[in-house]
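This report describes the strand arrangement, the nonpolar cores and the salt bridges of one protein model. The sequence and the coordinates are shown first.

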Amino acid sequence: MVADFAGPDRPGVDDPGRGRRIGIDVGSVRIGVASSDPDGILATPVETVPRSKERGPDAPDIRRIVDIVTEYEAVEVIVGLPQTLRGEPGKAAKLARDFAGRLRRRMTGIPVRMADERFTTVTAARALRESGVSARGARPVIDQAAAVAILQGWLDERSAVVNVAEDGKPEDGR
């Protein structure tokens, strides 16, 4: 199973250019959604979508994500790919890949990418706890914060890649 596992995508070669991106944290119960500004600099939370028991490309959760992508006029969708610390897939990675595949079948013309999301949910939960948000009822907010972390990581990496492509040098000028 590990040999067939494709790792996360990387920003760069086929970048769609300026425009909003949508970040998605796929869970077994909820899906956290975030969006970027049109310049792809800052990720912000959008909403938490309940997971549907249906698994087809026309399931209610897929339809809602497609509606958000359309509403935000997104140029790219980034789905978090949970991996083990050794970079191997687990049950959650299969869940995310299956969801991304169904999303790709439903949305043609908009790339759906997979981004490494190790620690995003843990980091989001810790940050919210430290800011005084109680754990009770915080799961939907944690899912959105995890989506923000996934998308912000992608945007930061994309910015570095795009800046190198534009001037031939990394941002630090080396």
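This is a predicted model: local features need pLDDT of at least 70, side-chain atom pairs count only at pLDDT 80 or more; totals for chains, interfaces and linings use all residues.

Strands S2 and S3 run antiparallel and are joined by 7 bridges. Within this pairing, glycine 32 has threonine 48 of S3 as its bridge partner.

## Helices on the sheet

## Nonpolar cores

In soluble globular proteins, nonpolar side chains tend to be buried together. The largest nonpolar core of this model comprises 24 residues. Those that touch the most other members are Ile22, Ile24, Ile65, Val77, Val79, Phe99 and Leu103. At least two residues of this core come from each of the following elements: strands S1 (21-26), S2 (30-36), S4 (76-81) and S5 (112-116), and helices H1 (60-71) and H2 (91-106).

Which residues does leucine 103 touch, not counting those up to four places away in sequence? With that exclusion, the contacts of leucine 103 are Ile24, Ile62, Ile65, Val66, Val77 and Val112.

## Salt bridges between parts of the chain

The structure holds 11 salt bridges. One of the pairs is formed by the side chains of glutamate 47 and arginine 64, with an N to O distance of 2.6 Å. Because glutamate 47 lies in strand S3 and arginine 64 in helix H1, the pair ties together parts that are 17 residues apart in sequence. Glutamate 47 is partly exposed, at a relative accessible area of 21%, and arginine 64 also counts as partly exposed, at 28%.

Aspartate 58 forms a salt bridge with arginine 106, the closest N and O atoms being 3.2 Å apart. This pair links distant parts of the chain, 48 residues apart: aspartate 58 belongs to the loop between S3 and H1, and arginine 106 to helix H2. Aspartate 58 counts as partly exposed at 45% relative accessibility, as does arginine 106 at 33%.

## A network of charged residues

Which residues are linked with Arg21 in a network of salt bridges? The network joins Arg21 with Asp14, Asp15, Glu76, Arg113 and Arg158. Within it, the side chains of arginine 21 and aspartate 15 meet in a salt bridge at 3.3 Å, N to O.

Is arginine 21 buried or exposed? With a relative accessible area of 0%, arginine 21 is buried, because the limit for that class is under 20%. Aspartate 15, by contrast, counts as partly exposed at 23% relative accessibility.

Terms used. Residues are numbered from 1 along each chain as its sequence is written. Side-chain values use heavy atoms; hydrogens and water are left out. A nonpolar core is a set of buried Ala, Val, Leu, Ile, Met, Phe, Trp, Tyr and Cys residues joined through side-chain atoms within 4.5 Å. Buried means under 20% relative accessible area, exposed over 50%, partly exposed in between (1.4 Å probe, protein chains only). Helices (H or I, at least four residues) and strands (E, at least two) are DSSP runs, numbered from the N terminus. Contact means heavy atoms within 4.5 Å. Two strands pair if DSSP finds at least two bridges between them. A salt bridge is a side-chain nitrogen of Lys or Arg within 4 Å of a carboxyl oxygen of Asp or Glu.
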